[in-house]
Amino acid sequence: MSPVEMTSQENCPNEEPGISKIDPWLKPFVPAIKRRFESYKKWVKEINQNEGGYDKFSRGYERFGLNVLPNGDIIYREWAPNVVAASLIGEFNDWDRSKHPMKKDSFGVWEVYIPAKNGTPIIPHNTKIKISMTTPEGERIDRLPAWIKRVTQDLNVSPAYDAVFWNPPQKYLWKNNFPKKPKSLRIYEAHVGISTIEGRVGTYSEFTDNVLKRIKDLGYNAIQLMAVMEHAYYASFGYQVTSFFAASSRYGTPEELMRLIDTAHGMGLYVLLDVVHSHACKNVLDGLNMFDGSDHCYFHEGGKGRHDLWDSRLFNYGHWEVLRFLLSNLRFFMEEYRFDGFRFDGVTSMMYHHHGIGTGFSGGYHEYFGDTVEEEGVVYLMLANDMLHKLYPRIITVAEDVSGMPGLCRPVEEGGVGFDYRLAMAVPDMWIKLLKEQRDDDWDMSNICWTLTNRRHMEKTIAYAESHDQALVGDKTLAFWLMDKEMYTNMSDLTQLTPIIDRGLALHKMIRLITHGLAGEGYLNFEGNEFGHPEWLDFPRAGNNNSYHYARRQWNVVDDDLLRYKYLNEFDKAMQHLEEQYGWLSSPQAYISLKHNENKLIVFERGNLLWIFNFHPTQSFADYKIGTEWAGKYSIVLNTDRKTFGGHDRIDESKLYYSQPHEWDGRKNHIQVYIPCRVALVLSHC
């Protein structure tokens, strides 16, 4: 047993789990937490004893699927316990089922050994293959290998994907080392396919050459790549995965994705993969569904194995081979593509029997430890996080969870689930609700502050004002909610600055700044939203005549110096670079000294900075007293009213502010500032 695996078992909460010491309200649920931990510990023990530990167990891709030996021989293995016969077919053997029959072992694993010819693999690179199987009922079924690393689609022939044997003569040569793990995580969420201004699918190479430099220039230090795992239906946004080990071929080759990640690393950027282990596409011909003719190969059988809302299949996380498949899938992307971490999609669905369907979470702790919890799903996430963090200390894992599960972002050895961050999913909902339903005069400053700071103690959160979810068809970007149709007519500097555009530019900046400063220990932005991308996001589908018009990023509007989008882009850039300088995301949670509902003012201290927000639509304040804990001299380091940010330059940024030793708003000192309407100021002190 290796030291890694021994650590996993020895650091267990024998008496009281660590998470219940952090949160005493968890004490009544200690038995449930301990039971969950014992289940995790049992899996670790069995993996150590039977597979040699995490390291070997999670390298399933080196044993399963098609692997080329140094001498050119090929070994192909596939787990398909239900079938009675199997053979490997393809262009290399004229699709003849009799030429390469497979043998089955006692665990339901089929194998065939294909000797090389003169040191060259018999199966040519980039040729089509399938596994052909026979069910106990005598039915012949052809499938794409489950562990296949390359699949392609030719819509002129069929919407179904073809499996391809990918064995390029020249392997990709990595040039750059891994970047340093960021202390303050600033994520740029991106989708390769929509990253072109043209009405088509963008490519890995175009993203590498055209988009990475934008991300670096803006000051983000991490990229979250969406829709990389292969999915047959483009409009699913990558969330209906068909081939889990295949990087989507619609954007280019595996080597081109490797170059993208390598180039990002050279820029000092972390690259996270949006991984989908919460469900799988129900496709049979080019997916995992009914893989060996049974309903329950990789999934639960019957209703338990189906997600009613997503119309997809649900994994059986309690099965040995399913665990091997999923853990190896994570390991594969870390090793083969050198990703730096994962954003786990649909974590709520994984952790509860109801999958979050028709269920609201009140925050009562019984909701997290009762009969509705899918313990096998929770334990899988514990194993995944434990494995990843022990094998890759540099890794970052992020959970998409709406439930608020306690301990989700605490280490497994404390009884937690082991993620590094969770997404602050209530924050964008609040902003959209305010913009849709309330007048600016009715905004409640206390409620805004409560929502932005309502997160679990000592569990890190990724804050965001909007992500891809808010941009999807049926909703709109924040910029479009704020400015709507006037974005078509009044975003040019040559046109009048209308009240709607003026308000939109001001609030777009303020919403993002207060979210960045107050709502988390990390920050996320969906590509294009930094400059107020107009309209919404909609992929080509039957309902829009397969149009790509809304499935692209209009970089042209931010690059046009006559348009006002450049102001929002410059502000976002200044905000990210200021965080790099002061590191407020990695600082303790803010102290809010003022939430004045009538004046619409919010003041807080964080990251050694003093933050002042005036959300009032019309009222500006001269010589307004601002409480602060720090005595000394203050200067403005960020001002949303700056002309270069589309503001009115109402503030003299050369002015210094000197504190007075008189208590104000519960702070030991105060300064007096001019704070115009719809303006935010950030001040440093010395």
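Buried means under 20% relative accessible area, exposed means over 50%, and partly exposed is in between. Keep that in mind as you work through this predicted model.

**Exercise 1. Look at the salt bridge between D274 and R343: where in the chain do its partners lie, and are they buried or exposed?**

Step 1: Find the contact. The D274 and R343 side chains meet at 3.0 Å, N to O.

Step 2: Check the surroundings. D274 and R343 are both buried.

**Exercise 2. Which parts of the chain does the pair D493 and K566 tie together, and how is each residue classed?**

Step 1: Start with the distance. In this salt bridge the closest N and O atoms are 2.8 Å apart.

Step 2: Locate both ends. D493 lies in the loop between α14 (478-483) and α15 (499-518), while K566 belongs to helix α17 (residues 565-582), so the bridge ties together parts 73 residues apart in sequence.

Step 3: Apply the cut-offs. D493 has 31% relative accessibility, so it counts as partly exposed. K566 comes out at 16%, which is why it is classed as buried.

**Exercise 3. Where do R667 and E605 lie, and are they buried or exposed?**

Step 1: Their side chains meet in a salt bridge, 2.8 Å from N to O.

Step 2: R667 is in the loop between β27 (657-658) and β28 (669-675), and E605 is in strand β23 (residues 601-606); they are 62 residues apart.

Step 3: Both R667 and E605 are buried.

Step 4: Now go beyond single pairs.

**Exercise 4. What does the interface of domain 1 and domain 2 look like in numbers?**

Step 1: Domain 1 covers 60-165 and domain 2 covers 185-585. Their C-alpha centres lie 34 Å apart.

Step 2: Count contacts. Here 27 residues of domain 1 touch 33 residues of domain 2.

Step 3: Look at the area. About 2500 Å² is buried between the two domains, with carbon and sulfur atoms giving 62%. On the domain 1 side, Y61, W79 and Y161 lose the most area, together 30% of what that side buries.

Step 4: Class the residues. The side of domain 1 that touches domain 2 has 18 nonpolar, 5 polar and 4 charged residues.

Terms used. Residues are numbered from 1 along each chain as its sequence is written. This is a predicted model: local features need pLDDT of at least 70, side-chain atom pairs count only at pLDDT 80 or more; totals for chains, interfaces and linings use all residues. Side-chain values use heavy atoms; hydrogens and water are left out. Domain bounds come from an automatic or database domain assignment. Contact means heavy atoms within 4.5 Å. Buried area is the accessible area (1.4 Å probe) that two parts lose on being put together, summed over both. Ala, Val, Leu, Ile, Met, Phe, Trp, Tyr, Cys and Pro count as nonpolar, Asp, Glu, Lys and Arg as charged, and the others, Gly among them, as polar. A salt bridge is a side-chain nitrogen of Lys or Arg within 4 Å of a carboxyl oxygen of Asp or Glu. Buried means under 20% relative accessible area, exposed over 50%, partly exposed in between (1.4 Å probe, protein chains only). Helices (H or I, at least four residues) and strands (E, at least two) are DSSP runs, numbered from the N terminus.
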